Amino acid sequence: MKLLDGAVDHGGSLGRARVLFPNAVLPFVDLSTGINPHSYPLFDLPATSLSRLPEAARGRELAAIAASTYGAPSPAHVMAAPGTQILLPRVAALARPGKALVLGPTYAEHARAAAIAGHRVSEVSDFAMLAEADLAIIVNPNNPDGRIIERDRLLALAVQLRAKGGLLVVDEAFMDVGPREHSLAGDVGQGGIVVLRSFGKFFGLAGLRLGFALSDALTVELLETQFGPWAVAGPALEYGIRALADIGWQEDMRASLIEASARLDALFGRFGVAVAGGTTLFRYLSLADAAGLFSALGESGILLRHFSDRPHVLRAGLPGSEEEWRRLESALAGWASRRDDGAREIAR
């Protein structure tokens, strides 16, 4: 999506929100991202995580826990990085410059990163067309509509690409709340596959900047060589090690997010807003007056995500407190009342 000033918006920018809605009710309730509003519990970090360079042993421990949590074949198949965003052009560059196809519509940074890596980039809507690529990129579950591509279809595509020296990249940023049986994390040892996993979204710690690339051992070694030592900051190592090992918290959070997303669906449904997809971290809305709803809620200090190339859809994250739920309900009620008044006026 592009804002009025032409800047690319990925959601989550309160500075941009203030420009768009200078008279909004404050503070903003930011539902424009897919970040969990209920973060992993904060804890006291060891002072050495800030005062010393990260120890290689802690990095190896993080890789081992990530491999276990995500289902990678071994720690040698896991590379940790300061967020997945920084990995995108480096991963795209693993394939020789050629035709890059992105299954869309989806997260716009993948196309930009592939272009940076020297590829001729196109977005396609037909999965079958990806077999023509040198680099095929899929977000699974997809952002923003939650579309799922089944594991067997992905593996069949990987075989086709691998036969001609191509690469399949699967961005599983939201697989923590997706159908994990369709993850390719356990298949990366076959070669020709890179799986990206985000830490900050599910654990609600996006500012920590931690993410992972899962691939065959040689590819992981190549990526690690590009980043060099100390790629992941000490605090990110500590949070990654503790949170990824905390399976109980993860299971409880998944159950809580299912309840919260169902509550959000019911709230939108009360006001005639159709939920057309998404994940339990965000809902994908489809309505004719998407622009009007976006503006009305924005003036009430409620930020949703809208898309300039898809004016009939919106994405909504989860409120983080009862006060935020009440504000969203009130803003929706105000918008629906004005909508209904306008419809009655037209009917006269």
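Buried means under 20% relative accessible area, exposed means over 50%, and partly exposed lies in between (1.4 Å probe, protein chains only). This is a predicted model, in which local features need pLDDT of at least 70 and side-chain atom pairs count only at pLDDT 80 or more, while totals for chains, interfaces and linings use all residues. Residues are numbered from 1 along each chain as its sequence is written, and side-chain values use heavy atoms, with hydrogens and water left out.

**Salt bridges**

- A salt bridge is a side-chain nitrogen of Lys or Arg within 4 Å of a carboxyl oxygen of Asp or Glu. The structure holds 16 of them.
- One of these joins the side chains of Arg58 and Glu238, at 2.7 Å from N to O. The pair links distant parts of the chain, 180 residues apart: Arg58 sits in helix α3 (residues 56–70) and Glu238 in helix α9 (residues 234–245).
- Helices here are DSSP runs of H or I with at least four residues, strands are runs of E with at least two, and both are numbered from the N terminus.
- Arg58 is partly exposed at 27% relative accessibility. Glu238 is buried, with a relative accessible area of 14%.
- Arg58 and Glu238 also belong to a network of salt bridges that includes Glu61.
- Glu109 and Arg112 form another salt bridge, with their closest N and O atoms 2.7 Å apart. Both lie in helix α5 (residues 109–116), three residues apart, so about one helical turn separates them.
- Glu109 is buried at 8% relative accessibility. Arg112 is partly exposed, with a relative accessible area of 47%.
- Glu150 and Arg153 form a salt bridge in which the closest N and O atoms are 3.6 Å apart. Glu150 is partly exposed at 31% relative accessible area. Arg153 is partly exposed too, at 37% relative accessibility.

**Strand pairing around β10**

- Strand β10 (residues 282–286) is mostly covered, with four of its five residues buried.
- Two strands pair if DSSP finds at least two bridges between them.
- Strand β9 (residues 274–279) pairs with β10 in the antiparallel sense over five bridges. The two strands form a hairpin, with two residues between them. Arg283 in β10 is the bridge partner of Gly278.
- β10 also pairs with strand β13 (residues 310–317), antiparallel and over five bridges. Here Leu285 stands opposite Leu314 in β13.
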